[in-house]
Amino acid sequence: MSDDMTATMIRSNQRFALRGLVPWLVFAAVLLILPFIFTDGFSFTLMNAIGINIVFALSYNMLLGQGGMLSFGHAVFFGLGSYAAMHAMIAIDDASYAGEGFWAHVPVVAMPLIGMIGGGLVALVLGWPFCRRAGTAFAMITLGLGEMIAAAGQMFPSVFGGEAGIYGNRMVGPQWFGLELAQAADVYWFIAFWTFAGVLAMWAFTRTPLGRMSNAVRDNADRLQFIGYQPRNIRFLVFIASGSFGGLAGGMAAVNYEIITPESLGLIPSGLALLMAAVGGLGVFYGPIVGAVLVTLMNSLLSDYSDASILYVGLIFLSIVMFAPRGLAGGLEHIRAAYREGSLARRLPGWFGGAVAVLLIALGLIIVIEMLFAGHGGGDTVNVFGIQFQAGGATGWLAGVAALVVGVLVMRATRKNREVNA
């Protein structure tokens with residue numbers, strides 16, 4: 001009987017390990033297949049930006065999603081990691097001409113590690129006094145930190161290069177794995193490797209005792225202190241880990257763009273990290289990955305179709321924070337939980353009605369916003385998903401208002417079904 005139980009446990013553990021391995025195999029397969037599907041230069045540029053933002057958003061999620069620490073200065077670690085990697089690239093370039101010295105033997109593909117060390121050291125120095133506080137006080141401290149470092153970037157041109165920033169050359173130093181980093185495809189494989197490695201390392205962090213205790217600090221710091229753990233120490237260690245991975249993303253960006261400016265240290269990139277993590281979902285590990293992909297695509301592609309692209313990004317952020325605080329990945333996990341419980345069929349009509357209502361409201365808002373922008377810009381027609389409206393006519397306004405009204409009515413009509421089956 002004991003042998004049978006042991007064999008059953010072994011088979012169960014094997015099935016569990018296989019299920020845990022499948023997402024990583026899918027992730028690796030996607031990274032391997034993408035460059036064979038999208039082969040033009042713009043696609044490579046976009047995929048590289050997505051990879052960098054995935055690591056950046058996940059590093060921020062270590063602070064807010066796992067540790068409960070709202071930060072408005074996370075770009076400090078990203079930017080200083082970028083600067084560390086860029087100065088290392090310049091040192092490699094100088095050493096390559098001399099043919100000797102330490103930097104002559106360091107490959108450019110290792111620059112994300114330099115950025116990771118730089119970001120981690122900055123977090124080590126700043127974290128101990130800052131992590132004494134939590135909540136709103138911590139958020140305000142990080143806001144001041146970000147603005148202070150961004151101002152310093154303008155004051156010390158010998159380090160930060162002033163407004164123009166500093167430049168580097170990624171095609172120097174020893175070449176590893178045959179990557180010259182001259183072609184867009186070479187840079188993609190560089191980004192893909194470090195994206196996979198960074199995501200895997202951050203997932204492994206969530207499985208460590210420190211990762212579990214960071215969740216405890218987020219949920220109930222007083223209880224954690226009662227059982228003998230200092231919340232400040234836990235926050236400090238998580239702060240260092242988050243800053244290190246933020247620097248890793250910065251090192252990737254330095255190699256990809258070959259330029260870094262003080263703007264990367266300011267509030268805008270810090271807000272971008274918050275936006276990506278919140279849109280994707282703070283409570284789910286893969287949420288920031290979803291958010292990074294969506295936000296990067298919107299920032300890169302929406303401007304080709306609308307002058308109000310930034311406004312749409314802001315509206316999506318506000319809508320998710322107000323009506324779907326668990327983010328897109330949180331919604332997917334909710335559906336998955338309902339499927340496991342066998343209640344999906346009962347809940348699906350209410351969710352479907354809510355989705356239809358959201359789409360109608362979004363359509364109405366898009367039409368109204370485009371009509372406003374067309375009137376301000378003096379355009380003749382407004383094109384919304386292939387439908388043409390006269391900028392000065394009443395048809396577009398009526399269609400927009402009608403879509404908004406119908407969407408609100410559908411939302412109200414299906415609310416009871418969603419509340420009953422919640």
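Predicted model: local features only at pLDDT ≥ 70, side-chain atom pairs only at ≥ 80, totals over all residues.
A crossing of two helices is called right-handed if the near helix is turned clockwise from the far one by less than a right angle, and left-handed if it is turned anticlockwise.

**First stop: the pair α4 and α9.** Select residues 111–130, helix α4, together with residues 231–257, helix α9. The crossing of these two helices is right-handed. Their axes lie 6 Å apart, and the packing angle is about 150 degrees. Colouring the contact of α4 with α9 by residue class gives 15 nonpolar residues, nine polar and one charged.

Keep α9 selected and hide its partner. Helix α9 comprises 27 residues and extends 38 Å from its first C-alpha to its last, close to the 39 Å expected at 1.5 Å a residue. Of these 27 residues, 23 are buried, so that α9 is mostly covered. Move on to Glu258, which follows α9: its phi is positive, near 60 degrees.

Which residues have the most contacts inside the largest nonpolar core? Select Val108, Met111 and Leu181, which hold that place in a core of 85 residues. Helix α2, residues 41–66, gives the most to this core, contributing 14 residues. Now centre the view on Leu181 and display its surroundings. Beyond residues up to four places away in sequence, Leu181 touches Val108, Val109, Arg170 and Met171, as well as Asp186, Val187, Phe190 and Val255. Another core, of seven residues, lies apart from the largest one; select Ile367, Ala374, Phe389 and Ala391, which are among its members.

Return to helix α2 and select Asn53, which is placed in it. Is Asn53 buried or exposed? Its relative accessible area is 13%, and because buried means under 20%, Asn53 counts as buried. Leaving aside neighbours within four places in sequence, Asn53 is in contact with Leu272, Met276, Ala292 and Thr296.

Next select Ser59, also found in helix α2. Ser59 has 0% relative accessibility and therefore counts as buried. To see what surrounds Ser59, display His74, Met202, Ser242, Phe245 and Gly246, the residues in contact with Ser59 once its neighbours within four places in sequence are set aside.

Notes:
Residues numbered from 1 in each chain as written. Heavy atoms only, no water. Core = buried A, V, L, I, M, F, W, Y, C linked by side-chain atoms within 4.5 Å. Buried < 20%, exposed > 50% of the residue type's maximum accessible area, 1.4 Å probe, protein only. Helix = DSSP H or I, 4+ residues; strand = E, 2+ residues; numbered from the N terminus. Contact = heavy atoms within 4.5 Å. Axes fitted to C-alpha atoms, helices over the stretch in contact; angles between N-to-C directions. Nonpolar A, V, L, I, M, F, W, Y, C, P; charged D, E, K, R; others polar. Expected span 1.5 Å × (residues − 1).
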